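Hi,

Here is the structure I promised to pass on.

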Amino acid sequence: MKKKVFTLLMILLVLASAGLLVFFLGPAMKTKESWHLIYIPKSKEGTNDFWTSLISGARMAAEEYGVTLDVMAPDKEQNVEQQEQLFREAVELRPDAILISPSVSTPSPYLEEARQRGIHIVYVDAVAEDPAPELIVSTDNLEVGRKLGEYTASVCDPEGKIAIVSQMRNSSTAEEREQGFREGLGALAENVMEVVYCDSTFEKATRLTKKLMEKYPDLTVIAGLNEDSSVGAARAIRDEGAEDRIMVVGVDSSLEAMELMEQGIFRCIVVQESFKMGYLGVVETIRLLQGKPQGLFVDSGCELVTKENMFDPRIEKLIFPFEEGA
Amino acid sequence: MRRNKSLNRFFGRFNSIRTEIFGATAGLLVLAALALAAVSIYSMDTTAFETSEEFSGKIIRQVNQSIDSYISYMDNITSMIANSTDAQAVLFGSSADNGFRVRLGEQFQTILKSRSDIRNIGIIREDGNYLINVAVKRVNPYLDLDTQSWYTEALERNGGFVLTSSHVQALLRGERPWVITLSRGMRNYTGGGGIDGVAFIDLNYSVISELCEQNSIGKRGYVFVIDEEGEIVYHPQQQQLFSELRTENIEAIMSADEDAIVVGEGDTQKLYTIARSSLTGWTVVGSTDVSVLLQNSRRSQRFFLVITIVLVVLALLVSGILAGSITRPLQRLQESMARVQEGDFAAAELPAVSGTEIGSLTESFTVMTNRIQELMEQNQREQEEKRKSELRALQSQINPHFLYNTLDSIIWMAEGKKHEEVVLMTSSLARLLRQSITNEDELVTVESELSYAWSYLTIQQMRYKDKLSFSVEADPEVLPMRIIRLILQPLIENAIYHGIKYKESPGQILVRAYKEEDQLILLIRDDGVGMDEEVLKHIFDRHKVNYQSNGVGVYNVQQRIRLYYGQEYGIRYESRPGEGTTARITLPADREEVLQ
C-alpha cells in the first residue's frame, strides 16, 4: 500500500517533468529551419512577363516564409546548355532544394548526383523525364491547351484551317499544351495543318507565322502556345492587317498581349497564374522539406481571358502584376 | 468473518482512513492550485486582448486620419488644376495657342517631380482633348472612357471628388499600372459652367503603404485598407491577395459593429481593429495574430502551468506523507492486535510513538497486553499447582485396613513363633511404608515402583500362604525410566481381590515391564476367575472402592495417568471369565521426564 502510493507519486513526478520538457522545449523545437533554395527558371526576369511574375512570386514567398532563395537564370530560354551548367553549379552549392523549370524534357546528367547529395528537386512550370519526381508545381498544361482548344472550336468555322506555333521541340510544357489543344478542338483537330517551333523568340514566331500565311492562304486560326509564340504570331497578323480573316488564340498574358486583345487581334488568351506558381513553388518546397508535402502535383490554375472579361477586376488581378511604387 | 478479514488484508486494511485523509488534503490543495492557475491564466488572456485592442485602436485611428488628410491634400491639387485657367483653356479653349498646353505640362512635371506618389496627373474630356503628365503623352486609343468609373462618376457627381479603389489604369499606351484614382469634374466656364471634363490624379501606393507600414502594430501585425464595397485598396501583400494565395475576412469587417473583432480559429485567429473614414468611405483595418498577441501571456501561462504542476505534485506528495504518518502507527497497532488475538504476545511490543493520541493508544495497548500476559502466566502456574495438589491427593497413604490386617498377620505369625516370616513380612511392610511416605518426588524409577510392587506382593503372598505365587520381570533398559508413583500396587491389589481370592486353586500374578516402540508397557496378569463384561464395564467407576484395598482404586490410577501424561495413555483391561485378567498400562517411553 505504501509502496503503491510511492510508485504513483513517482509516476506523477516523471509525468510532470515530461510535461515541463514539452512545455519549455516544445516551442523551441518548432522553430523554423532556415532553408536554402535555388530556383533555375527557363529565362531571366524582364525577358517576358510570365517569368518576371513567376520569379517575383517565388521571391515573395521566400521572404514571407523566411527562407533564402537564389535565382540562377539563363539569359534566354533556348540556352539549354547554360541551364544545364547552372544546374551543375547549383548542385555544387548544396542547397536544401533546387527548383527548376527545365527548358527541355531531357533529364540533366547531374540529377542523380543532386539526389545523392540529399538535394530535393522540385519542378516548377515544366518537368523533365524523371523516374521519381518528388514535387511538381505547375499549371495543368493539358487543361491550358484544352481551354484554348474548346474556345477555338466554339468560334471557328468547322472547315477553318488551323496552325500551331509552339515554343520548343522536346519541351514537356509545349507537348502537353498541344495535346490538350487538340483534345479541346475535338473534331476540328483534323484541321490542324502544321505545327511550327519558334524557340521561344518573338521574331521567329512572327517570321514563321508569315510563312504559314503564305503557305496556307485560307488559314483561319493561329494558336500560340506560350507568350513568345502567341505574341509573335499576333504581331504578324497585325503587321499584315489580317485580323479580320485570321484569329489568334494564345497562352500567357503580357501588357502587349492585352493591348493586342484590345485591338481585336487576340480572340482569347489562356492566362497562367504565374505569380501563384512561383509562390506555391516555394511554399510547397518548404512543406516538402518539412516532411509534409501536399501531394506530387500542385496545380496553380489558369483562366480563359477574352475581350469581354478582360476588365473584370478578378481577371485584372490575374493579368497585371501589382507594383507598389510604380 | 475470516473471509472478510482476508479481503480487507488484500485491499489494505487502512485504505479508507488513509485515502480519506490523502483525498481530502490532496483534493483541497490541488483544487486551490488549479483555481489559482485558472484565474490567472484567464485574466492574462483578457488583459493581453484589452491592451492590444486599445493600442491598435489608437494606431488605426491615427492611420485613418493620416489617409484622410492625404486624400484631402490630393483633392486640393485636383481642385486647383480643375479651376486653373490653363486647364480650362487646354480642355475647353478653341484657340490654337499652344502656350497653355506647354505651361500646364510644365506644371504637371513640377508636381510629378516633387511627388513620387503621383503616377499620373491629367485632365481629359471625352471628345479627345486631354493633357496627361506631359504635353505629348498619348492615350490608349482603344479605351472607352465611358467604361471607366473614375471618369463617369466624376461627371455625375456635381463638384465632389471621386475616389476609386485599386484598379488598373488603362488610359495610357504601354502602361497598365495598379493605381488609386482621385478625380473631379471640371466645369466649362467658357461654355455655360456645366461639367464637361475630368481632372484626375493616379496615386501609386508609396504614401499609403508607408502610412500603413510605419504604424506597425507589433510582430506579424499589419494594416490594410478596404473601400465601401469591401474591395482591397491597399494591402501589404496585395499580390498574394490578388492571386488568392491569402485571404482576409472582408465580410466580417463589413458587417462589424464594434471597433475590434476576432476572426478565424486556432493558429490563424486574428484580431481586426477597425476605423472607418467618412471622407473617403474607406475602412482601415489593423490585423494582429492572436497567437503573437498572446505569446507573452502564453509564456507566463506556461510558467504558471508549470508552477501549478509542481504544486500539484507537491500537494500529492505532502498529502501522501501526511496520510502515511498518521495511519502507519495505527496500521501497526492493528496488525499487532490481530497477532495478539491469535496468542502471540510478543507482537505487543511496539516502538514507542511519542506525544500523539496514537502514541498513548499504543502505550496503553502494550501495558494492557503485558498485564494480560502476566495474568495468563499466573493462571497457568495456579493450574499447575492445582493439578499437582490433586495428584498428591490421589496418591494417598496406605489403607489403614491393609495395615491392620498385615499387623494382625505379623502378630499371628509372631505368636506361632515363625520368626523368619515375621522378619520378612515386617521388612516388606517397612519398605512399603517407607516408599509410600517418601512423598517428595512425584516421579520414581520403574525399578523403585517394581520393588514396591514386589514388597506388596510378598506381604500378600504371606497372608494368602500357598494360594498366591508371583513373579516380577523387567527389561533392564526400562528400569531407570521414571514414572508416576503408585500405579502398579492398586492394580495388583485389584487382581488379588477380584481374581485370585475367589479362585479355588492357587493363583499366579505376573508383573512385567518392557518397552514397545516408544511406549513403556507395564503388565499385570493374573490367572484368577476373570471378569465378565458387566464387571469390566464398571472397573473404572469412581465409587468402586474396596474397603480391603489400600484406598487407591483403578479409577484413581487411570485419572492420574491421564492427568499427567494425556488422554492417549492409561490402563486397558482384557479379561475372560475363568481364564484370568490382564491389565496393561501404557506410558510414554520417550518423554524427557521419563528418561531423565
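Chain A has 11 helices and 12 strands, taken as DSSP runs numbered from the N terminus (H or I, at least four residues, for helices; E, at least two, for strands).

Some housekeeping: this is a predicted model, where local features need pLDDT of at least 70 and side-chain atom pairs count only at pLDDT 80 or more, while totals for chains, interfaces and linings use all residues. Residues are numbered from 1 along each chain as its sequence is written, and chains are lettered from A and ligands numbered from 1 in the order in which they are written.

On confidence, the model scores ipTM 0.78 and pTM 0.62. Chain B has a mean pLDDT of 83, with 91% of its residues at 70 or more; pLDDT is the predictor's confidence in each residue, from 0 to 100. It stays under 50 over residues 1–13 of chain B, and also over residues 544–551 of chain B. Where pLDDT is low, the predicted coordinates should not be read in detail.

The largest nonpolar core has 112 residues, and A:Val248 and B:Ile123 touch the most other members. Such a core is a set of buried Ala, Val, Leu, Ile, Met, Phe, Trp, Tyr and Cys residues joined through C-beta atoms within 7 Å. Helix H2 (residues 15–83) of chain B gives the most to this core, with 7 residues. A second, separate core of 42 residues includes A:Phe87 and A:Ile121.

A:Gly57 sits in helix H2 (residues 49–65) of chain A and counts as buried because it has 28 C-beta neighbours inside 10 Å. A:Phe275 is 218 residues away from A:Gly57 in sequence, yet their C-alpha atoms are 4.4 Å apart. Beyond four places in sequence, A:Gly57 has contacts (C-beta atoms, placed from the backbone, within 7 Å) that include A:Ser274, A:Phe275 and A:Tyr279.

Lastly, a helix pair: the axes of H5 (residues 141–155) and H6 (residues 172–185) of chain A come within 6 Å and cross at roughly 35°. Those axes are lines fitted to C-alpha atoms over the stretch in contact, with angles running from 0 to 180 degrees between N-to-C directions.

Cheers

Conventions. Two residues are in contact if their C-beta atoms, placed from the backbone, lie within 7 Å. A residue is buried if 20 or more other C-beta atoms lie within 10 Å of its own, exposed if 12 or fewer, and partly exposed in between; C-beta atoms are placed from the backbone.
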